[in-house]
Amino acid sequence: MSDGVLFVDIFSPEQIIAFRGQVLDHLQQMDEDAWLSFRHHDALMEDRWVTNDLSSDAVLALTRADLVLRHVSSSNVPAEQLRLLDRRWITIGTIEDSPIWYSRHCGIYFWAVTPDAPHTLELWLSFPALPRRW
């Protein structure tokens, strides 16, 4: 996952907007302790960062809306493989009848057009650090 990279040839603008909107709605309901646990613990683990474009202070200054707007990305990690990271995924919404998944343990949101799709839209709450269990 890299900052702002979206497979626009795979996901439509409407799908990306819907994903961002539903993820932000869910994030706005997250209690402050849960939010800070991802932002402080994982984001400060610079040895696990996927990019060096941000300082620790810049990472911690990101609001929930900033994170969703700037760091939703897509990847070629299949949805089925992401589901193996955690057994406790919950559904926080749907886009085109496909669930948007969230793992409280890993701090990952993801959506795919179909369960066996080879690409996903994702947001890591730990960005730019790799998610827990990654």
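In the predicted model, Trp89 has a relative accessibility of 8% and therefore counts as buried. Trp89 lies in the loop between helix H5 (79-83) and S2. Phe110, in strand S4, is also buried, with a relative accessible area of 2%. The ring centres of Trp89 and Phe110 are 5.0 Å apart and the ring planes stand at 90°, so the pair is edge-to-face. The pair links distant parts of the chain, its members being 21 residues apart.

A search of the whole structure finds three aromatic pairs. Another of these joins Phe11 and Trp111, with ring centres 5.9 Å apart; the planes are at 55°, so this pair is tilted.

Strand S4 is part of an open sheet of five strands, ordered S1-S5-S4-S3-S2 with antiparallel pairing. Strand S1 (73-75) and strand S2 (90-95) are the edge strands, each pairing on one side only. From one strand to the next, the twist averages 30°. Strand S4 (residues 108-111) and strand S5 (residues 120-124) run antiparallel and are joined by four bridges. Trp111 has Leu121 in S5 as its bridge partner.

Two helices pack on the sheet. Helix H1 (residues 13-29) touches S2, strand S3 (98-103), S4 and S5, and its direction makes about 145° with that of S2. Helix H4 (residues 64-71) touches S1 and S5, and the direction of H4 makes about 145° with that of S5.

Definitions and conventions. Residues numbered from 1 in each chain as written. Predicted model: local features only at pLDDT ≥ 70, side-chain atom pairs only at ≥ 80, totals over all residues. Heavy atoms only, no water. Pairing = 2+ DSSP bridges. Axes fitted to C-alpha atoms, helices over the stretch in contact; angles between N-to-C directions. Contact = heavy atoms within 4.5 Å. Phe/Tyr/Trp six-rings, centres within 6.5 Å; stacked < 30°, edge-to-face > 60°. Buried < 20%, exposed > 50% of the residue type's maximum accessible area, 1.4 Å probe, protein only.
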